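Have a look at the model below.

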Amino acid sequence: MEMMSGIAVAGAFMAVLGTLLAWLLAVANKRLYVYEDPRIGEVEEYLPKSNCGACGTAGCRNFAEQVVAGEIVPGKCTVNAPEMNAYIASFLGVSLGDVEKRVARLACAGGSHVAYVRAHYQGLGSCRAAATVSGGGKACAWGCLGLGDCESVCDFDAITMNSFGLPVVDADLCSACGDCVEVCPKDLFSLQPVSHKLWVACRSRADGDVAEAQCEVACTACGKCVMDAAPGLIRLDNNLAVIDYAKNRLASAVAIERCPTGAMVWLQDGQAVKGREAKKIIRIEALPMRANVV
Amino acid sequence: MFPWRKKTFSRGVHPDGNKSTAGSPIRRMPFASRMILPLAQHIGKPAVPLVRAGEEVVRGQPIARANGFLSVPIHAPADGVVESIELKPSARGPWVESIVIRVYEASTQEIRWAEPRDLDALSPKELLQVIQDSGMVGLGGAAFPSHAKMTVPGEFAIHTLIVNGCECEPYLTCDHKLMREHPDDLMQGIRIAMRAIGAGRAIIGVEDNKPDAAAAMRARLPADGAISVEVVPTKYPQGAEKMLIKSLLGIEVPPGKLPMHVGVVVNNVGTLTQLGQILPAGQGLTERVVTVTGPGIKKPGDYWVPIGTPMRTVLEWAGAQDVSEREIILGGPMMGQAVASLEVPVTKAVSGILVFDRRHIEAPASRRSYPCIKCGECVNVCPMGLNPSMLGMLAARREYDLMSSDHHIGECFECGCCTYVCPAHIPLVQQFKVAKAILRERVAAKAPAHESGERFDFGAPPTHGRKPSVHPD
């Protein structure tokens, strides 16, 4: 008898407790319910999920949320295949957005066959580390160190180092995520729309003669491109030609023709075309060390 | 508190001293024909030029003024004419705006731009202003403006000034000789600093490998007993400020805090000796003592070098032959940096120039680094109690944020003990330098532009206007 009542009490207690908790859960379910647009998950399914951040959001989920909320256009995802973005746009009934493809571009052409080194760097094989040791030993303080931090940081295998120690960007693979822009200690990478075809492949701020003594393809700020190009398109700023891309529609290959070093190039079909007066360099071996270069 | 406590800190290493230049007196180096004075020789904002090309200057004349609080002026090191103000290579790598002076052949050692002043008549605040005007920075190598270090916010009361005479880096002997040859100037400088920071006592910490310097200073201690000399064991990095505070006072500076949080200010003996010399005379900082030594030098020694002298001139004077076949290091061998260009000038931060032969530095083959074997040697020597092995693995994976949040990379002051002992030759401290530089950039990219590089941004080298550059749409 004693035992039976004990079981009954326990059973009743559990039943009451169960009902109470179930009620609590039911209330919480109603009260704390957060509506989430089911389309967010749907859109996320069609994104690359690389979380690269190229679009400027925190990741693909965040991008999907913003696309559904109408804060960003689907075309902003540069990693996705265009037809996927078009599908997302039609699924949501929004416009794809006129987003031009951008690629990472290097503002240096000073490979080992044309640029001098003033000292040999021996140490941790990273541009970042080399740059902390007196700039890395390259004669030009602005130039590419060629140790390949950009190649190793690229998640899309879009960057490969060529035999002269310069990174080559595969425009098809480049998603414009900006990782190489962040990692380069010399700030040589920037993300450029593919329509920017006129390009200064140099960042040297050294005086023209000094720059040319350090690297055969440096911009010497001679000003010929400024004279030949449409007015206002190119200007000289601290010993360097700088292109005003706001006037990009005026740009033409005329500006490169008289460039004596070939620092000013016209990018076409993945090739950097140099002007007719650019010095021809057929050397393929690396230049020797030159400790006394200015 | 505990008289039986050994006056040192935990962990650390014992590299060979190699202080062969300690015996000789300091000599004076003649003027170079051309001096190069970078506007950014100190931590903080670069100075602003006061002269133009073609202007004549006399030795000691201010040629650039401080730009704000965390900045110091620059003084002409010799009589001459300003040739240009242009970009010149710096020891760190980037080219920086510099004033180039062509020195007159008849330029003398006399400092003509000076106004002797009565320091006792100045209030502590005026004293700090005078220190800033003298262009003084930490001459131990950090080049942090001295007046900024001595400016103590109201909430801190400073009880002790610690005078750092450890000089724990191998090869360097410049501080040693200043203590031995100029103890009176040092006492004067300590007096000035004590008044500026409001400290009641000063302790000079000297390593036990410099008994002659300790004796010379003890002979000149003032009678009131406010200044004392304490001998500490020779160990690297005894001269790091947090280590020296631990050794002398037994106080540990909490992570992320400064010595002033525990009521202490640390200054280098070189800084205070120079202060004691130039402040009463009303002069600016125009020269410093530099140790020039190493197997590649014929006349090793310590020299009074005018600031702005190109490295090439210094090495030619000290007798280094065929420098292209050598490795040249600015500073000590543990924390110093190799330099790539001989056009780089001696700045306020240069305490030593070491020249090694190719055969004296290890061949690259034996420098090859191997995977970490988790032996724990680096943990045994890290004076800050970090785990360099773990940090190294994270750095290799570019997990910089994790290094900062979970493993306190911010506490690392790049002493290099971990790399010195690593049997696998892993370049740990180099990886940490990279990690810290990237973390600094990330912080700067997040913070509003006017806040970055402000008051407490210690250890951050001048950034030369580096901005995160993502091309705008």
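**Two domains, two chains**

The centres of domain 1 and domain 2 of chain B, taken over C-alpha atoms, are 30 Å apart. Domain 1 of chain B covers 115-281 and domain 2 covers 366-446, with bounds from an automatic or database domain assignment. Where they touch, domain 1 of chain B gives 6 residues and domain 2 of chain B gives 7 residues; a contact here means C-beta atoms, placed from the backbone, within 7 Å.

A word on what you're seeing: this is a predicted model, where local features need pLDDT of at least 70 and side-chain atom pairs count only at pLDDT 80 or more, while totals for chains, interfaces and linings use all residues. Residues are numbered from 1 along each chain as its sequence is written, and chains are lettered from A and ligands numbered from 1 in the order in which they are written.

Now for the meeting of the chains: 25 residues of chain B are in contact with 26 residues of chain A. On the chain B side, α13(B) makes the largest share, 5 residues. Helices (H or I, at least four residues) and strands (E, at least two) are DSSP runs, numbered from the N terminus.

As for chain A, its secondary structure comes to 9 helices and 9 strands. Its C-alpha trace spans about 110 × 50 × 30 Å along the principal axes. Of the 294 residues in chain A, 39% are buried, that is, with 20 or more other C-beta atoms within 10 Å of their own, C-beta atoms being placed from the backbone.

Key. Contact = placed C-beta atoms within 7 Å. Buried ≥ 20, exposed ≤ 12 C-beta atoms within 10 Å, placed from the backbone.
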